[in-house]
Protein chains: 2
Amino acid sequence: MLTDTIKAFKEYQKKMAAYHYAAGVMYVDGTTAAPASSYKARGAALKELSGISYQLSVSQELRDMLKELMEHKDELDFVTMREAEEMTESLERMSKIPQEEFVAYSVLTSESEHIWAKAKNTNDYAAFRPYLEKIIETKRRFSGYTDPGVPVMDALLDHYEKGLNTKILDEYFANVKEKLVPIILAIGKKGQKPEYPFMNAYYPIEKQREFSQYLMDVLTIDKERCQMAETEHPYTSGLNLDDVRLTTHFYEDSFTNNMFTMIHEGGHAIYELGSDRSLADSSLAGGAAMSIHESQSRFFENMIGRSKEFCEFVFPKLCELFPEQLLGYTANDLYLAVNRAEPSLIRIEADELTYSLHIMVRYELEKQLIEGSLSTYDLPEAWNAKMKEYLGVDVPDDAHGVLQDVHWGGGMIGYFPSYSLGSAYAAQMYACMEKDIDVSSSVRKGDLKPIIDWLGERIHKHGQLYKPGEIIEKACGGEFDPKFYCDYLAKKYSEIYEL
Amino acid sequence: MLTDTIKAFKEYQKKMAAYHYAAGVMYVDGTTAAPASSYKARGAALKELSGISYQLSVSQELRDMLKELMEHKDELDFVTMREAEEMTESLERMSKIPQEEFVAYSVLTSESEHIWAKAKNTNDYAAFRPYLEKIIETKRRFSGYTDPGVPVMDALLDHYEKGLNTKILDEYFANVKEKLVPIILAIGKKGQKPEYPFMNAYYPIEKQREFSQYLMDVLTIDKERCQMAETEHPYTSGLNLDDVRLTTHFYEDSFTNNMFTMIHEGGHAIYELGSDRSLADSSLAGGAAMSIHESQSRFFENMIGRSKEFCEFVFPKLCELFPEQLLGYTANDLYLAVNRAEPSLIRIEADELTYSLHIMVRYELEKQLIEGSLSTYDLPEAWNAKMKEYLGVDVPDDAHGVLQDVHWGGGMIGYFPSYSLGSAYAAQMYACMEKDIDVSSSVRKGDLKPIIDWLGERIHKHGQLYKPGEIIEKACGGEFDPKFYCDYLAKKYSEIYEL
């Protein structure tokens with residue numbers, strides 16, 4: 001009976017979700033609370049769990065259920081049909097990867113992230129390199145299994161966003177480069193604004209923690225379902241519709257680092273928390289694609305968080321927490337200080353304007369690494385050269401260069417472009433949103449609810465019910481066009497720098 | 001081949017340890033970092049994992065291995081022999097409990113702890129009662145499976161310490177009551193010492209956190225292998241020889257609460273971290289029995305932490321962290337303040353002298369609950385009556401009464417006596433230790449290493465290689481005798497109260 005199969009299929013998804021949850025908690029714990037020496041025990045446990053997850057993903061039981069469901073596709077409700085569709089595709093991919101290799105890869109990336117954190121702290125690229133090498137080898141091998149005949153980099157990009165490939169991205173980045181570099185050059189000619197000393201005053205961590213909690217409230221994040229923690233490299237993890245974790249990192253000599261991390265990760269969290277309740281136990285809860293996820297985080301971080309209106313709204317609260325540090329400054333100083341466009345070393349500290357050049361560096365290098373035209377031994381040198389070429393900066397050491405991001409160490413190759421695409425999607429959504437609601441005056445009041453509701457209706461509530469392209473159409477009022485992103489940045493920075 | 005079986009047996013234990021680790025991490029996460037709404041997802045994941053753990057514990061594969069090993073018992077090395085012995089006993093117990101009931105019980109206690117925390121916060125015993133009822137029913141049912149014909153309470157006590165029963169405990173408590181009550185009465189007659197206002201000054205949490213880290217260092221706890229977190233009810237969890245978690249709770253109007261929690265939990269952590277490296281992947285790593293665990297935590301908390309010498313050692317550090325709060329006070333004031341003997345409401349805040357009466361209340365009530373002579377509906381009233389009878393205090397509400405401890409909510413019935421027995425073991429160990437090393441002068445210098453080494457050699461390094469009774473013999477220089485505990489308390493409190 002089809003109804004019995006549907007019921008069994010739903011139970012099966014709950015079972016898969018249970019292992020996903022357990023592994024997710026171990027990941028979060030490993031990056032937040034666990035002592036350093038725990039990594040072996042965690043690796044062993046993850047190995048067991050990913051073994052089971054693999055078996056569940058490719059089992060004959062699932063295969064049989066999916067076959068029956070797909071044969072009766074027209075009789076299924078939309079959610080079940082999409083679940084079956086996505087899981088069939090995933091099963092077909094997964095069953096091409098031998099289980100022991102899949103499990104070994106989970107263990108590798110878990111260890112590799114641990115080694116990366118140590119390597120970054122001690123500026124020791126050599127310690128991390130063999131792990132990166134193994135990850136690249138594995139990516140190539142897996143791609144050979146799942147997408148034979150497809151260039152590896154295209155397969156990896158498609159994995160993070162269906163339909164994306166190097167041709168599209170090369171064009172996109174050429175476009176962005178063409179439009180943004182003249183603005184960056186014009187700012188260079190015009191002369192930089194003065195630095196604001198308050199940006200590097202002493203900001204006690206305890207007060208920053210309080211500010212983080214305040215920002216979660218402003219972002220209307222439900223703390224019954226979402227909690228904050230601290231990690232080396234911030235991230236958000238949607239373990240379950242009722243359990244989302246976001247992390248931040250505190251620096252005593254900067255409050256803006258944590259501030260924009262919180263708003264960025266808050267954007268991810270809002271998306272994860274926003275799936276419709278009917279998807280709670282479905283494999284379709286959560287974000288539809290990495291780039292759409294990044295559109296949400298970058299939208300909140302930049303379009304909202306770095307707007308003049310948000311600076312005006314949040315400044316009194318900052319003065320309450322840091323009265324001495326901000327004495328004599330205004331909300332407009334904050335706005336100018338957090339929108340300084342200046343080539344720099346660290347991606348997550350980069351301004352909106354130069355940000356996509358950081359992504360270009362990573363995208364071009366990972367493409368070369370995957371294609372084999374660059375060796376992991378030569379990577380730091382290549383990194384430093386590209387940073388000099390595109391951003392004009394000298395990289396002092398690998399900790400501030402190639403080791404700065406966790407992504408490659410965690411096996412996320414082909415992920416970086418999502419950040420830039422996400423920013424571009426966000427700009428287009430922003431333009432579309434402004435037709436419906438008065439964004440500026442909402443932000444000035446600190447009332448983000450109308451904005452979050454607008455995004456919720458068009459993006460969040462659907463989870464993975466629609467494909468990335470369909471979501472973009474819904475939220476951007478048409479096909480993706482990088483013009484909105486370039487226009488947005490040109491307008492904002494022309495104004496700030498009086499170009 | 002026996003050697004093949006031994007190898008497979010070791011691998012099998014590693015596999016079991018992996019599931020134990022994953023479940024342990026979820027437990028720790030659930031009590032520390034997870035958002036409140038996560039409990040359902042965690043319950044579902046724990047259900048899956050405990051299902052596998054159950055299967056691993058009773059599988060035919062394990063049964064076959066153990067049978068072969070036990071047939072060649074004389075040819076095995078000591079560690080393997082003891083592993084086989086303990087696991088055979090556990091398999092025999094476990095296989096008597098139907099899997100679905102075992103799994104349901106894991107889910108029940110996970111949910112019940114969550115409900116308990118809410119009930120305590122809102123003083124709502126009625127919300128917690130049905131869970132307690134189910135736990136008691138399950139305990140009785142399981143005991144019928146595993147120990148038919150044995151009184152349930154005896155079976156539960158034996159579970160926490162092999163050989164313990166109500167007869168032994170009834171005698172022990174009668175003894176303790178007979179010796180300690182006269183001292184408590186004498187103090188009552190003599191008149192109480194004045195209270196110290198500094199005990200309830202304002203102590204910022206951030207400074208207390210710093211003090212906690214300092215105490216971990218004094219206790220020589222390796223932070224690479226052990227990390228601290230915060231929970232409603234503090235505990236220590238040895239997830240692995242390289243991953244031990246201890247938790248504390250901060251109150252702004254007391255620094256001693258956290259101080260003695262840290263030293264108490266630190267004692268547990270030292271024990272968990274102290275297993276010999278050769279037991280790292282063995283099922284025999286960790287504490288030998290709950291009462292021996294408590295002997296370590298109570299030893300550090302009371303014999304060390306509440307000693308005059310430790311107060312002298314730690315006072316300068318406290319003055320550095322809390323200069324205004326402690327202005328005008330001395331180390332001797334601290335000593336007297338933390339050793340006030342006065343009947344009170346909360347077990348974990350009780351002084352050393354009246355502590356065992358708190359345990360008696362719980363032991364007598366849980367015995368009645370298990371035997372069926374007391375209903376969960378009547379429990380709060382019975383609790384309040386006993387607190388009045390033994391300690392002379394009026395319980396204002398259930399949050400400060402029957403809801404104060406997590407244990408029953410977590411299914412730990414028959415556990416409380418371990419605390420009192422542990423204190424009594426600790427006193428006997430202390431007397432024995434003093435023959436070998438100059439405890440007082442070590443403590444005065446804040447050099448706990450000789451003390452920890454002494455315990456390590458006699459107790460910690462053995463893990464569960466020996467049975468509780470054998471460990472007591474090793475560490476106490478003879479059979480257990482409650483006389484040492486009563487003498488220790490009589491001497492300490494006669495001196496403080498000049499009796």
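**Two chains and the contact between them**

Between chain A and chain B there are 6 salt bridges, a salt bridge being a side-chain nitrogen of Lys or Arg within 4 Å of a carboxyl oxygen of Asp or Glu. This is a predicted model, in which local features need pLDDT of at least 70 and side-chain atom pairs count only at pLDDT 80 or more, while totals for chains, interfaces and linings use all residues. Residues are numbered from 1 along each chain as its sequence is written, chains are lettered from A, and side-chain values use heavy atoms, with hydrogens and water left out.

**How the copies are related**

**The interface**

- Chain A gives 33 residues to the contact and chain B gives 33 residues, where contact means heavy atoms within 4.5 Å.
- About 2,500 Å² is buried between chain A and chain B, and carbon and sulfur atoms give 62% of this area; buried area is the accessible area (1.4 Å probe) that two parts lose on being put together, summed over both.
- Of the area that chain A buries against chain B, 20% is supplied by A:Tyr21, A:Pro35 and A:Glu48, which is more than any other three residues supply.
- One salt bridge joins the side chains of A:Arg209 and B:Glu206, at 3.9 Å from N to O.
- The largest share of the side of chain A that touches chain B, 8 residues, comes from H1(A), helices (H or I, at least four residues) and strands (E, at least two) being DSSP runs numbered from the N terminus.

**Chain A and its salt bridges**

- Chain A has 20 helices and 3 strands, and its C-alpha atoms fill a box of roughly 70 × 50 × 45 Å, taken along the principal axes.
- Over all chains, the count comes to 78 salt bridges.
- Within chain A, the side chains of A:Asp436 and A:Arg458 meet in a salt bridge of 3.3 Å, N to O.
- A:Asp436 lies in helix H16 (residues 417-436) of chain A and A:Arg458 in helix H18 (residues 449-458) of chain A, so this pair ties together parts that are 22 residues apart in sequence.
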